[in-house]
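Here are my notes on this one, written as I went through it. Have the model open next to you while you read.

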Amino acid sequence: MMSDPHTLARRVGETMFAVDVASKDTMGMELLACEPGRALMRMQVKALHLNGHQICHGGFIFTLADSTFAFACNSYNKNAVAAGCSIEFLKPGQLGDVLTCEGLEQTLSGRHGIYDMKVTNQHGEVIAMFRGKSAQIQGTVVPT
């Protein structure tokens, strides 16, 4: 059993990301950090992410935030899933933009947590804000 929460969180992130076909392979995301109650992910906006207005489809921005949320709320090695979430789109993502999402735990009480994700572009401009509520379920990501 690992006693260091940072080591455990990093191992959880590496384990989840290795099999996260949606985030890694389909979306082209990178997991930059997975720490207790925090995660950081990045994705470049490519042509396949553009909608009919030739801006990044909101669903892809949502997916970046949702994936970051997943890593942040599973970082304690207690399986957690989304119980609800909302997003506010503030600026469009453009072709070639590098979007970074930082997810931070706001509170964890019993089985439920509240996490805020901030999606920014390479200029530091806020593209979207996402809030998620997590629910812990049975099991762990890595064996304890």
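1. Burial and overall dimensions. Buried residues account for 40% of the 144 residues in the chain. Keep in mind that this is a predicted model. Along the principal axes, the C-alpha atoms fill a box of roughly 50 × 25 × 25 Å. The radius of gyration is 15 Å, and since a compact globule with 144 residues would come out near 15 Å, the two agree. Among contacts with a separation of 6 or more, 64% are between residues 24 or more positions apart.

2. Element order. You'll count 3 helices and 6 strands in the chain. Reading from the N terminus, they run α-α-β-β-α-β-β-β-β.

3. Strands 1 and 2. These run antiparallel and are joined by 5 bridges. If you want a landmark, take leucine 31, whose bridge partner in strand 2 is methionine 41.

4. Strands 2, 4 and 5. Strand 2 pairs with strand 4 in the antiparallel sense over 7 bridges, with alanine 39 partnered by glycine 103 of strand 4. On to strand 5: strand 4 pairs with strand 5, again antiparallel, over 9 bridges. Threonine 100 stands opposite threonine 120 in strand 5. The hairpin of strand 4 and strand 5 has 2 residues between the strands, and glycine 110 takes a positive phi near 65° there.

5. Strands 5 and 6. This antiparallel pair has 9 bridges. The hairpin of strand 5 and strand 6 has 5 residues between the strands, and its glycine 124 has a positive phi near 80°. For a reference position, glycine 113 stands opposite serine 134 in strand 6.

6. A closer look at serine 134. Is serine 134 buried or exposed? Its relative accessibility is 1%, so serine 134 counts as buried. Leaving out neighbours within four places in sequence, serine 134 is in contact with Phe69, Cys73, Ala80, Val81, Ala83, Arg111, His112, Gly113 and Tyr115.

7. The nonpolar core. The largest nonpolar core has 31 residues, and those with the most contacts inside it are Ile61, Leu64, Phe71, Leu99, Met117 and Val119. At least two core residues come from each of helix 1 (5-18), strand 2 (38-44), helix 3 (58-73), strand 3 (80-89), strand 4 (98-109), strand 5 (112-120) and strand 6 (126-136). Helix 3 gives the largest share of this core, 7 residues.

8. Around methionine 117. Which residues is methionine 117 in contact with, leaving aside its neighbours within four places in sequence? They are Ala65, Thr68, Phe69, Cys101, Glu102, Gly103, Ala128, Met129 and Phe130.

9. Cysteines. How many disulfides does the structure hold? The count is 0. Take cysteine 73: the closest cysteine sulfur is in cysteine 34 at 9.6 Å, so the two are too far apart for a bond. Cysteine 73 is buried, because its relative accessibility is 3%. Cysteine 101 is in no disulfide either, and the nearest cysteine sulfur, that of cysteine 85, is 12 Å away. With a relative accessible area of 0%, cysteine 101 is buried too.

Conventions:
Residues are numbered from 1 along each chain as its sequence is written. This is a predicted model: local features need pLDDT of at least 70, side-chain atom pairs count only at pLDDT 80 or more; totals for chains, interfaces and linings use all residues. Side-chain values use heavy atoms; hydrogens and water are left out. A nonpolar core is a set of buried Ala, Val, Leu, Ile, Met, Phe, Trp, Tyr and Cys residues joined through side-chain atoms within 4.5 Å. Buried means under 20% relative accessible area, exposed over 50%, partly exposed in between (1.4 Å probe, protein chains only). Helices (H or I, at least four residues) and strands (E, at least two) are DSSP runs, numbered from the N terminus. Contact means heavy atoms within 4.5 Å. A disulfide is a pair of cysteine sulfur atoms within 2.5 Å. Two strands pair if DSSP finds at least two bridges between them. The radius of gyration is taken over C-alpha atoms; the globule rule is 2.2 Å times the number of residues to the power 0.38.
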